[in-house]
Amino acid sequence: MPNILTINKLKNAKRVVILTGAGISAESGVPTFRGEDGLWRNYNPHELATPEAFERDPRLVWEWYNWRREIIHPLEPNKGHRFIAELERNTSCFTLITQNVDGLHQKGGSKNCVELHGNIWRVRCVKEGRVFGLLDLPLKDIPPLCGCGSILRPDVVWFGESLDPEVMSKAYNAVRDCDFMMVIGTSAVVQPAGSLPLIAKENGAYVVEINIEKTPISGIVDESLIGKAGEILGKLYHEIQGH
Ligand code: OAD
């Protein structure tokens, strides 16, 4: 249960930032990366999520993405996604930053979402750099091709790639400027996302973490709430509504 200070801080916050990771979507059924059944326990990211892997075997990489798209497609946003969308509607200055590529925040009603690692429903032409949505399921061709005849890649960030500087600058500006930050369902081990809560803290924000276990940032946050994101956010919603 969130403590009274957290509830009051959130009620009175003017500029709110939420940072999410795979844990927010876990209760919807999306696999996380580093948990017990995490994707990186069973699959080697170097074979599936690097530019070198894609160059070596685009078909293999796309088969893996096609499989993940098939898992994600029927899944619904959970209470956590919905709470975040509701908070956005009721906060004048609000930024959602996510490391997730599943699109469940948008499906849950979030409008303004800074996607640090891209989106699994978008593709990018490796020749022209053009980005567009591709929702076919299963994909008609693996690998899918652009109208220009060139190969398409998932519009996601792979290991060894830099994040889009414009996207990063939105995220940095929001965390530097916020007075309340909530970090939900991330192991906080992947940079630069993992350091965003530290920047918020250094700039005077009240920072809360929600996770089923302690993480490397648990020691620096103002409150570390241990439990499932959907359940804790459900309680928090109830509290800030004044019930
Ligand atoms: P991880 O799989 O590393 O971490 C998920 C976190 O969610 C863990 O700390 C879990 O304890 C927590 N968790 C699991 N279920 C939860 C629940 N129901 N409620 C709350 N917390 C829960 O995923 P990320 O931190 O998102 O990057 O990983 C960061 C990046 O690493 C991903 O975006 C991906 C991956 O490699 C790329 O693909 C570029």
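In the predicted model, Glu76 and Lys107 form a salt bridge in which the closest N and O atoms are 4.0 Å apart. The two residues belong to distant parts of the chain, with Glu76 placed in the loop between helix H6 (58–72) and helix H7 (79–89) and Lys107 in helix H8 (residues 104–107), so that the pair spans 31 residues. Both partners fall in the intermediate class of accessibility: Glu76 counts as partly exposed at 46% relative accessibility, and Lys107 likewise counts as partly exposed at 44%.

The salt bridge between Arg153 and Glu161, for which the closest N and O atoms are 2.7 Å apart, joins residues from two accessibility classes. Arg153 counts as buried because its relative accessibility, 7%, lies under the 20% cut-off, whereas Glu161, with a relative accessible area of 23%, is partly exposed.

Helix packing was examined for helix H1 (residues 4–12) and helix H11 (residues 229–240), whose axes come within 10 Å and cross at roughly 65 degrees. Because angles of 65 to 115 degrees are classed as roughly perpendicular, H1 and H11 are described as roughly perpendicular to each other. The crossing of H1 past H11 is right-handed. On the H1 side the contact is made by Ile7, Leu10 and Lys11, which meet Leu236, Glu239 and Ile240 of H11. By residue class, this contact between H1 and H11 comprises four nonpolar and two charged residues, with no polar ones.

Leu236, located in helix H11, is one of the residues in that contact. With a relative accessible area of 0%, Leu236 is buried. When residues up to four places away in sequence are not counted, Leu236 touches Pro2, Ile7, Leu10, Phe83 and Met182; among these neighbours, Ile7 and Leu10 are also listed in the contact of H1 with H11. The C-alpha atom of Leu236 is separated by 9.2 Å from that of Thr6, although the two residues are 230 residues apart along the chain.

Several backbone features are located in loops. A cis peptide bond joins Leu137 and Pro138, with omega about -10 degrees, and Pro138 is placed in the loop between strand E5 (131–133) and strand E6 (152–156). The peptide bond from Gln191 to Pro192 is also cis, with omega near 5 degrees, and Pro192 is found in the loop between strand E7 (180–184) and helix H10 (196–202). The loop between E7 and H10 also holds Ala188, which has a positive phi of about 60 degrees although it is not a glycine. Ala188 counts as buried because its relative accessibility of 8% is under the 20% limit.

A further loop residue, Ser218, lies between strand E8 (206–211) and strand E9 (223–226). At a relative accessible area of 11%, Ser218 is buried. Leaving aside residues up to four places away in sequence, Ser218 touches Glu209 and Ser224. Ser218 and Val30, which are 188 residues apart in sequence, are 24 Å apart in space from C-alpha to C-alpha.

Notes: Residues numbered from 1 in each chain as written. Predicted model: local features only at pLDDT ≥ 70, side-chain atom pairs only at ≥ 80, totals over all residues. Heavy atoms only, no water. Salt bridge = Lys/Arg side-chain N within 4 Å of Asp/Glu carboxyl O. Helix = DSSP H or I, 4+ residues; strand = E, 2+ residues; numbered from the N terminus. Buried < 20%, exposed > 50% of the residue type's maximum accessible area, 1.4 Å probe, protein only. Axes fitted to C-alpha atoms, helices over the stretch in contact; angles between N-to-C directions. Parallel < 35°, antiparallel > 145°, perpendicular 65-115°, else oblique. Left-handed = near helix turned anticlockwise from the far one by under 90°. Contact = heavy atoms within 4.5 Å. Nonpolar A, V, L, I, M, F, W, Y, C, P; charged D, E, K, R; others polar.
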